[in-house]
Amino acid sequence: MQKLKIIFVVTLMILTVGCANFRHLAKEVDMLNRVYVEYRVTIQSQHETESFVFVQLQSLDADTIDGYEVVIGNQQITVTGDTNSQYLFTFNDTNNDLRFQVGEAFSINLLAEDTSKPLLLRLSNTQDNYPKALVDTPLNNLLNVNFSPAKIGEQADLDAPQFDREMAELGMWKPITHLKQGNSGVFFIDDFDTSKIPVLFIHGMNGTARDFAPLIAKLDRQKYQVWVMNYPSGLSIELLANGLNSLIKIIDYRYDVKTFHLVAHSMGGLVTQAYLDLCRNQLGCDDIASFTSISTPFGGVESAQSGVDYAPVVMPAWRNLAPESDFIATLFTDKFADKHAGDNDSNRPAHQLVFGYKVSGIINKKSSDGVISLDSQLRDKAQQQAERVYGLNEDHVSILSNDNLANALHQFWLKTEKQHLTKHDGL
């Protein structure tokens, strides 16, 4: 009976979204597999807090690059690369300017087709075979990528086309097209102001930054400035978390931000938590004062497993969202604690877990917000790490318009800003 119910739900889903969407998704997933590849990288270094930049090149004498990522620390790292790239040029960015200067330690590694074996990088500043085109040149000026690079700090308002509902749909079913059109990245809704604390909002599946408009309207804009992350929600959550990790590192370099807050809705909370797991492992979360998750499925989504099992084409995000996935199982994994026992709490941004419990909809009548079950929103591991757990009688969408949520955010920010200041004054 349960299997028949699952098949019914999936059949209903296919009829609802249409076969055309699955055809589009099949082409995009195939393109994704042909263009992107992931490498596991370990840097041989005694310095766990140094900044490293990974640059992908098709040849050592090329005057353009295929992409770059920034990390802090020498733990095992996953680098997302272009299948056309032949070399990985890695350098220790000692002055944090996102440029390679002669004298900075570097390594050059040939990228093998077999990605199952991790790359061990040994950096040295005594070599002279570095790519000459990279010397003292901003990496962003050298980018020549298959897809439009993610925007970083580009000015936009919430009425901009990239935040239209059509773009949310595009990001689910045609994520590569979404990237090609330049809809992704971290956008600044306000002019950057060094005197104001940034708040970065991260939407959920089939969402855009505009979903936060009711909440943003209630912010104290004299104290806070609004940033939003826009991304194609059909992509793998792990890939998105890696992207967010690199974007925030680059923003840190450009703007030297000392304190900011993260606010994420639904699947965006999974992207953010996976990012926090990464950045804590790299000792790079010191500038984050707080993380507020809203209606996030920390325990996964049952319908995603149905999609993995029965849909004609599997959306990459569904594989991560499935309750029994490796992604869900390893979320909140504290690799940092293994090497720094006793210090792990000091490097964890304060977490406010907000959940909704107003049942809505025709099919879903169990304890939930109409979309995400309470059991998933209130996963034990999530509650255990949260500094505050707060529930609202709202559904999955209406919760973002709730005045009490806006008040809870402001109170939490005030508290965590004081904690953040005290922690850094003590360093």
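A salt bridge here is a side-chain nitrogen of Lys or Arg within 4 Å of a carboxyl oxygen of Asp or Glu. Searching the whole structure turns up seven salt bridges. Before you click: this is a predicted model, where local features need pLDDT of at least 70, side-chain atom pairs count only at pLDDT 80 or more, and totals for chains, interfaces and linings use all residues. Residues are numbered from 1 along each chain as its sequence is written, and side-chain values use heavy atoms, with hydrogens and water left out.

Select Asp164 and Arg210 to begin: their side chains form a salt bridge at 2.7 Å, N to O. The two sit 46 residues apart in the chain, so you are looking at a link between distant parts, with each partner in a loop.

Next, pick Lys223 and Glu417, another salt bridge, with the closest N and O atoms 2.8 Å apart. Glu417 is buried at 13% relative accessibility, while Lys223 is partly exposed at 25% (buried means under 20% relative accessible area, exposed over 50%, partly exposed in between, with a 1.4 Å probe and protein chains only).

Stay on H14 (residues 403-425) and select Trp413. Trp413 is buried, at 0% relative accessibility. Beyond its neighbours within four places in sequence, its contacts (heavy atoms within 4.5 Å) include Val199, Tyr224 and His261.

Notes. Helix = DSSP H or I, 4+ residues; strand = E, 2+ residues; numbered from the N terminus.
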